[in-house]
Amino acid sequence: MLAEPFPYMPEALGPFSHRISSDSPQAQAFFDQGFQFMYGFAKYAAVRSFREAQKADPECAICYWGEAWAWGSYLNVHMREREAPYAYAAIGKARELRGNAGPREQAYIDALSVRYVEDYDYETRRVQDRAYADAARALTEQYPDDLDAATLYAEALFLLEPRFGYRDLEDPNVTRLHAVLESVLARDIRHPGACHLYIHATESTARPELAEPCAEHLGNSIPGASHINHMPSHTFNEVGRWGDSVRASIQAWHTDLKANTSRAVSSYPSHNLHMLSFAASYDGQGAVAMRAARDYEKLMGDKSLQLLTLVRFGRFDEIPEAGGRPRRDFAAGAWEFAQGYAGVRIGEPDTGRAHLARLRELAESTNARVRFQPASLVLGVLAEILAGEIRRKDGDLAAAIEKFERAAEHEDEFDFAEPEPLPFAARHWLGAALLEAGRPADAERVHRDDLANHPRNGWSLFGLREALAAQGKPDAAVQREFERAWARSDAWITASRF
């Protein structure tokens, strides 16, 4: 596939351009396309674009640099051994043609040259990653006005840390990374590469809103790159702009579909659907959330998201229609949870108990992982929610509340992931049960805690409103915030969970 011709896609591209020394307009066009696609994590489309630039100008050294860059590690994926020879050959060709390039392009080639070795070892790649980060820093110092050089330096810094290692805003590594990216965005708030990385650099910190200004522009900066369309949703989820996250995710999914016509490039379509379903769930858009979950099942053969979303929106009669028990551990656990929960809700608590027993067995035995978490931990949350609902059905609210509190405690152990593994929060059940038990002050605290984790979500705003009213202190501001949060919802609710 990589050897086949690759089209130029002008409608997929934004205004970004990195000027090169080639006299060939076609080489420049494909080089810009490759650069944009690499900023959008469309790796193989970038490789093929840079190769088309080489065809247009075989003497273009920086065009081979582009291919070498695209083969290398980036934030989501480190280069594997099978790809290393291609990167090494491409940078070798760039060095061979180095004399055709200007001083700046020569500096780019020299910096990237330290990243690749003939005998690449995935396990010891950090040696090259560190050398490249140092070389990228020197490139930035040599050309301080070059925004792409600074963005490449930031990308190199990311590779030296764990995937979600940039959480502590006081950490010197975080401070350095943010400073590099902020220096770019201060000069060009619409820079697609820097904004993309800045969202990742801030999303797991206490200040995800730092990326809001660039997130406003990023989705359309490379209109035919689905991952770029999608990226603002990371920030929007963290700051509680659920409707905006839904729109960004729909745009990304449409681009994934458009890619089938060779007018766009698709990256991580399952992730785009998962994010769409998750954001729509928190926004109360049940039809959108469930449609995305079904499309996710079609794409991935995994019905867990569909089952959990049906529970979220109280579609208990539809849960049996989802089919038999899946084979994979997490999906099987989600199936047991959904079937058991539906059983309790339609008045069959013994059915719920049978499913709970199997769910607990899975939670205790599985070694699987889901959304960067041990599946045992996530299934443990579901088991406590189901156990709480069974106790609630039995009329033992005190025991139900204990189960929901345990579910919330387990949920607090989740590592950062976007989206989270569940399209709901355990505190939605806990807050509702506390209200039912005549403990509105405690329910208020629980819903406020959830709003700190999931800002502006209508489920907890509804619960907060009800808790305040039960204490005789209704708050018009909370009512207005709930109305804004629920403005796009198709769900009528009487509690923070169904």
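**Close-ups of a predicted model**

**View 1. The buried stretch of helix H21.** Ala426, Arg427, His428, Trp429, Leu430, Gly431, Ala432, Ala433 and Leu434 are the buried residues of H21. The whole structure shown here is a predicted model. Helix H21 runs over residues 426-436, and because nine of its eleven residues are buried, the rest of the structure largely encloses this helix. Look just past the end of H21 and you'll find Gly438, with a positive phi of about 75 degrees.

**View 2. Ile199, tucked into helix H9.** Here we zoom in on Ile199, part of helix H9, which spans residues 192-203. Ile199 counts as buried because its relative accessibility is 0%. Setting aside residues up to four places away in sequence, Ile199 touches Ala211, Ala215, Leu218, Met231, Pro232, His234 and Thr235. Follow the chain ten residues from Ile199 and you get to Glu209; the C-alpha atoms of these two are 9.1 Å apart.

**View 3. Leu181 and the largest nonpolar core.** This core is made up of 84 residues. Leu181 is among the residues with the most contacts inside it, along with Phe31, Phe37, Trp65, Trp69, Ile91 and Leu112. Who does Leu181 contact, leaving aside its neighbours within four places in sequence? The partners are Ala154, Ala194, Leu197, Tyr198 and Ala201.

**View 4. A second, separate core.** Apart from the core in the previous view, there is another one, with 78 residues. Among its members are Leu310, Ala363, Leu434 and Leu468.

Technical notes:
Residues are numbered from 1 along each chain as its sequence is written. This is a predicted model: local features need pLDDT of at least 70, side-chain atom pairs count only at pLDDT 80 or more; totals for chains, interfaces and linings use all residues. Side-chain values use heavy atoms; hydrogens and water are left out. A nonpolar core is a set of buried Ala, Val, Leu, Ile, Met, Phe, Trp, Tyr and Cys residues joined through side-chain atoms within 4.5 Å. Buried means under 20% relative accessible area, exposed over 50%, partly exposed in between (1.4 Å probe, protein chains only). Contact means heavy atoms within 4.5 Å. Helices (H or I, at least four residues) and strands (E, at least two) are DSSP runs, numbered from the N terminus.
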